[in-house]
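We will go stop by stop.

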Amino acid sequence: MGSQNALLILYSEQGKWRELTAFYHQIRKQGFQPNSFTFSSLLKCLSSSQSPLLHAQPLHADAAKRGFVSSDPFVTNDLLTVYSRCGSPQSARKMFDEIPVPGPFCWNTMISCYFRESHCGAARELFDRMREAHLANDVTWSAVIAGYAQNSRPKDALFVFKEMRGISSYVENDAFVGSVVVDMYGKCGFEELARFVFDSIVDKCVVVWTALIASYVCNECPSPAIEVFREMIYEGMEPNCVTLSSLISACSQIPDLMLGKEIHGFITRRRAATTPDVFISTSLIDMYGKCNYMVYGHRIFEKDKTYPRCNTTALWNATIAGYMENNFVSDAWDVFRSITHGEGINPNTVTMSIVLPLCARSSQLLSGKEIHCYALRNGLDQEIFVSNGLIDMYSKCGKLKLAENQFNRMMNEKNRISWTSMIDGHGIHGDGEGAIRVFESMVREEVKPDHITFVALISACSHAGLLEQGLRYFEEMSREYGIVPVEENYGTVVDLLARAGRFKEARDLIERMPIKPGANVWGALLGACRIHGNVKEAELAAHCLQKLEPKDSGFQKLLASIYLEAGRRENAEDLRSQMRKMGMEKRQGFSWLETKEEIYESIDSDKHIPDTAETWSPEQLEISD
């Protein structure tokens, strides 16, 4: 029996479920009698299976027939664990209710299962019953606090924590509970309290240190996170993969290339002989992308993808996103195309959400349609991130009807981003009335708009010349919806007024702003000045932009164009001469022309595109919807 059990477990550990099933049926016919150890071992291995529920049910039936479910707590616990981890709370609860006297492990497993599936009310009901039966232990309290924090319910997490502090000293004496509380305070935005709890823990393990570092990173406090890491090393603690990933994220937030390279060197020295970790590799590529140094990010990608355990979709996604961050469009496309050409990697919803904006940015409609087809074939089109990306891509590629079709007919679920993308799509095409209709439908569907929704809506009104409607929506934003306007909102209203020629009202609004006007506001004013040839206001806006963004040449070029259009050639030449003396780089313009055979790119006066208009026939150009 021992050798048969060992072979069964070997098959399960290797994920060879077909071979395991065939072997199990074969030895059963030969008189093999599975025992408690057989069922318990197989169930423990099911978590690595692609379909744990499918494999658990026949094992459950066989174990029940042999009486193990009602009599053996090990088999019962393992069955409950499998059901709770495979996203089947109904099966887990049915299993739980059949246990005559469930122990603390079963209660805790069921509570964690409910929180994992966002059923907070059901989890709380079990927790209250457990407390009444005096069965709650440190794991129970930790599971409830962590569950509320993970479901973005910080007030409930804090309430449970206060209850726990009144009846126990778990936090100070139990590092596991302490780490959960530190994590909870971090996710609630109370990093100072997270540090206070951390300091009160008597015996700190690596999980506690990691929780504090992650709390600072979560609240965009990278410098304290780095200081805590230095303390950790000084105390002689060995960081794990999660610690290092959190630390690298802190470098990405600053961003600090030298510090990132220092941490990269630290990781290389400590783990020179081991296989790269996918979390660390992904974080490093993300960090180098945000530090505008994708040369190193590309080296990590090329090296680490040769390791099977590291060659995951996440690694490829991070590399594509890094190239996108640095506007290396062709490199991003090259990496994406490699995924679907024999690399053994399957693009997921995150890949789609990264690549679809790339299509929109480079106006590659054919590529966008190909991605849409891939999503349809692989069942990814109903994912909300993918659907929203398709709406945005079709809108920015000039295909508003396809965007509307995706929004109205293809989407089973819509969120605020979906509605905002559709409003923005109408605005891009100058259809202010259409944008308003979508917004009104959004309100009727009781989807609450945010400040970005109003940026898209008022911008649509601005481009369509709907002055009064735009001003009305700006007033409603705070009066009806309680949204505090941010700089982007003020920028759209300044653009709305200035485009209508009402420069005095635009200037009055800028002066009354409760926040300091930034480049968004002054840029909107400068752009409208060109429409009306208002040199005086343009000079003021450019002067303010010079203070805010002295290295940006875009607004200087726009002012020079305004001078030229107003007949003030000398002023334009003087401005361009100043730009050359200051070493400002001329921002290159580029465009694409897409045919059915190829995508042609033109950069300023580049000669990549043939000169004659007769190069392509109408049949070659992609003009269909």
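Is R507 buried, partly exposed or exposed? Select R507: its relative accessible area is 24%, so R507 is partly exposed. Keep in mind throughout that this is a predicted model.

**Stop 1: the R507 salt bridge**

The side chains of E537 and R507 meet in a salt bridge, 3.4 Å from N to O. E537 sits in helix α34 (residues 535-548) and R507 in helix α32, so the pair ties together parts 30 residues apart in sequence. E537 counts as buried, because its relative accessibility is 12%.

**Stop 2: the whole chain**

Zoom out. The chain holds 36 helices and two strands. Of its 625 residues, 47% are buried. Take the contacts with a separation of 6 or more: residues 24 or more positions apart account for 59% of them. The accessible surface comes to about 32,000 Å², and 51% of that belongs to carbon and sulfur atoms. The salt bridge count is 24.

**Stop 3: R502 and helix α30**

Select R502 and E468. Their side chains form a salt bridge, at 3.7 Å from N to O. R502 is in the loop between α31 and α32 (503-512), while E468 is in helix α30, so this pair ties together parts 34 residues apart in sequence. R502 is partly exposed, at 28% relative accessibility.

Stay on α30 and pick R472 and E476. They form a salt bridge too, with the closest N and O atoms 3.4 Å apart. Both lie in helix α30, four residues apart, or about one turn of the helix. In general, an α-helix has 3.6 residues a turn, so residues three or four places apart point the same way. R472 is partly exposed, with a relative accessible area of 38%. E476 is buried, at 15%.

**Stop 4: helix α29**

Select residues 451-463. This is α29, with 13 residues and a reach of 18 Å from first C-alpha to last, close to the 18 Å expected. At its start, a side-chain oxygen of D450 comes within 3.2 Å of the backbone nitrogen of I452. The buried residues of α29 include F454, L457, I458 and C461. Among the elements covering the buried residues are α27 (416-428), α28 (432-444), α30 (467-479) and α31 (487-499). Just after the helix, check G465: its phi is positive, about 75°.

**Stop 5: helix α25**

Move to residues 384-396. How many of the 13 residues of α25 are buried? Eleven are, so α25 is largely enclosed by the rest of the structure. Among them are I384, N388, D392 and Y394. The buried residues pack against α23 (349-362), α24 (365-377), α26 (400-410) and α27. G398 follows α25, with a positive phi near 85°.

**Stop 6: two single residues**

Select S252 in helix α17 (residues 241-253). S252 counts as buried, at 8% relative accessibility. Beyond its neighbours within four places in sequence, S252 contacts D286, M287 and K290.

Next, go to V139 in helix α10 (residues 138-150). V139 is partly exposed, with a relative accessible area of 35%. Leaving out residues up to four places away, V139 touches N108 and F176. The C-alpha atoms of V139 and N108 are 7.2 Å apart, across 31 residues of chain.

**Stop 7: a network and a patch**

Select R93, D97, E125 and R129. A network of salt bridges links these four residues.

F196 belongs to helix α14 (residues 191-200).

Methods
Residues numbered from 1 in each chain as written. Predicted model: local features only at pLDDT ≥ 70, side-chain atom pairs only at ≥ 80, totals over all residues. Heavy atoms only, no water. Expected span 1.5 Å × (residues − 1). Buried < 20%, exposed > 50% of the residue type's maximum accessible area, 1.4 Å probe, protein only. Contact = heavy atoms within 4.5 Å. Polar contact = N/O pair within 3.5 Å; in protein donor to acceptor, adjacent residues only side chain to side chain. Areas by Shrake-Rupley, 256 points an atom, 1.4 Å probe, with all protein chains shown as cover.
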